[in-house]
Amino acid sequence: ISVLICIFILIILYCYNIFQNSLNKDFEGFRKLFHRFLQVKGPSVEWSKINRPPEDSIQPYDKIKAKGLPHYIADSLNKLVVVKLNGGLGTSMGCKGPKSLISVRNENTFLDLTVQQIEHLNKTYNADVPLVLMNSFNTDEDTKKILQKYTHHRVKIHTFNQSRYPRINKESLLPVAKDMAMTGENADVWYPPGHGDIYASFYNSGLLERLIAEGKEYIFVSNIDNLGATVDLYILNHLVSQPNGKRCEFIMEVTDKTRADVKGGTLIQYDGKLRLLEIAQVPKAHVDEFKSVTKFKIFNTNNLWISLSAIKRLQEQNAMDMEIIVNPKTLDGDLNVIQLETAVGAAIKCFDNALGINVPRSRFLPVKTTSDLLLVMSNLYSLEAGSLTMSERREFPTTPHVKLGSSFTKVQEYLTRFESIPDMLELDHLTVSGDVTFGKHVSLKGTVIIIANHGDRIDIPAGSMLENKIVSGNLRILDH
């Protein structure tokens, strides 16, 4: 223990020297997180204490919807704030700058669609729902520049910044940063500490207090790249219609797990409270059990409805408790570092009368890759007032499984490979690998697999219709 105390004191002195010209709140947040990291030993959950949530703690969406809507739903909307997590860059899709500024449909970016959705709500119901963006130091400057284009839209837009913490040398446990600079050798030594930082950063910014003073009661939080995360009036009505003594302070939208979602966090009952269980917390011996779609049937969409007054109370009581995620990274020069993060959903156990709602899969439409981008750009979805909905012309509601190869990873290269986006209304599965291009007005149905061998190129001719076909490097077309 004495060794840990010495390490902690040494590191805090070192960090204080780095942070002294910065915000004390960032330093204080890092100090608390690092102190907890040193104290925690072993797994954060005991597997034998995990129970399935009680039936009434996860409500089916249809039951919530069956209550209908009151005629005064505009009053409820005026108590709501939409918060989008906007700290991520588009680097994984080969883009520079904030991911929210990538065009996803008809030249509209993620941010454009979000503004359109909220403006439509405000106009339709004569309401005042503001948009709040939680930026990071990576996205703040570029985002603020682009916000000028929404000046005349009927949406008030606010921003605040996530904290900025130093990455830690895995061996010495000392911060890699030597000073507060963000360029040169310091370019990779800082990081935003995960979306669990929303509670402290929102509170510290003063914006939370301002919104409460304006009569706002709840925030709807979601990832800005989840195009299914629109304001749901039925869930909002459920929140605001609860009796005062039993007000639900936290709702997590969950949806049924498929084999594509086996790594997603799930809800459990633990020590008498509803709790989020992430795969990183699962002992190795139980990982396969965690991935099971029979035992753990739902996963967290990260669409969350949270009471503003409850956030304020928990922050002031220093009672916000979230498991630490230790994220290993390798910097230039093969330097192994760790970054300490938290997840916004992990705080569910801190709130009173927390609830899960099992929502339709359509409320989880994340765009993480160009494979996802192809789906949302296609005729599978209709776009209206910033919201994407599955086309009525598709006969079954499931989304096709699309897997594009490494030649499609970067958005710019992906776009050059399609003269127009194929008709995918009757598609079940698409796999594309190698140097492949698509002409105009191509139609894909059933299961289509296109594989260009190394050194070969496949050009799918304009007007082609491929149904249950395998197209190989020499352009032989075989029945699947």
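A cavity is a set of grid points where a 1.4 Å probe fits but cannot get out, and its lining residues have an atom within 4 Å of a point. The model examined here is predicted.

Q: Which helix gives the most to the lining of the largest cavity?
A: A search of the whole structure finds one cavity of 30 Å³ or more, and the largest cavity has a volume of about 40 Å³. Its lining consists of Lys84, Phe110, Leu113, Thr114, Gln117, Ile224, Asn226, Leu227 and Ala229, which by class are five nonpolar, three polar and one charged residues. Four of the lining residues come from the helix that gives the most, namely α5 (residues 110–125).

Q: Why is helix α12 largely enclosed by the rest of the structure?
A: Thr370, Ser371, Leu373, Leu374, Leu375 and Val376 are buried in α12, and what covers these buried residues includes the strands β3 (103–105) and β21 (427–433) as well as the helix α13 (411–416). Helix α12 (residues 370–377) is therefore largely enclosed, the number of its eight residues that are buried being six.

Q: Which residue caps the N-terminal end of α12?
A: The cap is made through a side-chain oxygen that lies 3.3 Å from the backbone nitrogen of Ser371. The residue that supplies this oxygen is Thr369.

How values were computed: Residues numbered from 1 in each chain as written. Predicted model: local features only at pLDDT ≥ 70, side-chain atom pairs only at ≥ 80, totals over all residues. Heavy atoms only, no water. Buried < 20%, exposed > 50% of the residue type's maximum accessible area, 1.4 Å probe, protein only. Helix = DSSP H or I, 4+ residues; strand = E, 2+ residues; numbered from the N terminus. Contact = heavy atoms within 4.5 Å. Polar contact = N/O pair within 3.5 Å; in protein donor to acceptor, adjacent residues only side chain to side chain. 1 Å grid on protein atoms, 1.4 Å probe; cavity = no way out; pocket = protein on both sides within 12 Å on 5 of 7 lines; lining within 4 Å. Points joined across faces, edges and corners; volume = space filled by probe spheres on them. Nonpolar A, V, L, I, M, F, W, Y, C, P; charged D, E, K, R; others polar.
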